[in-house]
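Have the sequence and the 3D view open as you read.

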Amino acid sequence: MNRLDIKEFRKKYNLTQEGLANIVGTTIRAVQGWEQGQRKISQSAIKLIENYENNVLNPDITDVALYDVQLIEEKLKNANKRIKILEDLNESYKLEINDLKNELSKFTKGKTIRK
């Protein structure tokens, strides 16, 4: 699926970039990147788009439920990635704060400094 296919798909089903982002469980920025050819669309996103199209053309309760499960799984993966990034940043900041405290204690020669 290339950038033109994605844009045509959106227009065919009257979806905004935000609407497609919600279907796939990603960001508007990602959809913009796909359409501009700046980002490669993942196989899981393609599968979700195909499932959406199949459900629109031939809705079956089993397919709809499966699609919902896939959408939730994709959103959970994205959320877990963001959590990992935030945890890494938090750890990095903790290390930075400790380094700054050590540097400060060298200059104050162990004296307590008021906050």
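A residue counts as buried under 20% relative accessible area, as exposed over 50%, and as partly exposed in between, using a 1.4 Å probe and protein chains only. By that cut-off, buried residues make up 26% of the 115 residues in this protein.

A few ground rules. This is a predicted model, so local features need pLDDT of at least 70 and side-chain atom pairs count only at pLDDT 80 or more, while totals for chains, interfaces and linings use all residues. Residues are numbered from 1 along each chain as its sequence is written, and side-chain values use heavy atoms, with hydrogens and water left out.

**The overall picture**

You'll find five helices and zero strands here, in the order α-α-α-α-α along the sequence. Helices (H or I, at least four residues) and strands (E, at least two) are DSSP runs numbered from the N terminus. Take the contacts (heavy atoms within 4.5 Å) with a separation of 6 or more: 51% of them link residues 24 or more positions apart. The protein exposes about 9,000 Å², and carbon and sulfur atoms supply 54% of that; the areas come from the Shrake-Rupley method with a 1.4 Å probe.

**Where α2 meets α3**

How do the axes of α2 and α3 cross? They come within 8 Å, at roughly 105°. Axes are lines fitted to C-alpha atoms, for helices over the stretch in contact, with angles running from 0 to 180 degrees between N-to-C directions. The two helices are therefore roughly perpendicular to each other, a label for 65 to 115 degrees (under 35 is roughly parallel, over 145 roughly antiparallel, the rest oblique).

| Helix | Residues making the contact |
|---|---|
| α2 (residues 17-24) | Q17, E18, L20, A21, V24 |
| α3 (residues 28-35) | I28, V31, Q32, W34, E35 |

These contact residues divide into six nonpolar, two polar and two charged. Here Ala, Val, Leu, Ile, Met, Phe, Trp, Tyr, Cys and Pro are nonpolar, Asp, Glu, Lys and Arg charged, and the others, Gly among them, polar.

On burial, α2 has G19, L20, A21, I23 and V24, and α3 has A30, V31, G33, W34 and E35. E35, in helix α3, has a relative accessible area of 8%. Its side chain joins that of Q17 through a polar contact of 2.9 Å; such a contact is a pair of N or O atoms within 3.5 Å, where within protein one must be able to donate a hydrogen and the other to accept it, and residues adjacent in sequence count only if both atoms are side-chain atoms.

A glycine with positive phi follows α2: G25, near 80°. Just after α3, G37 takes a positive phi of about 75°.
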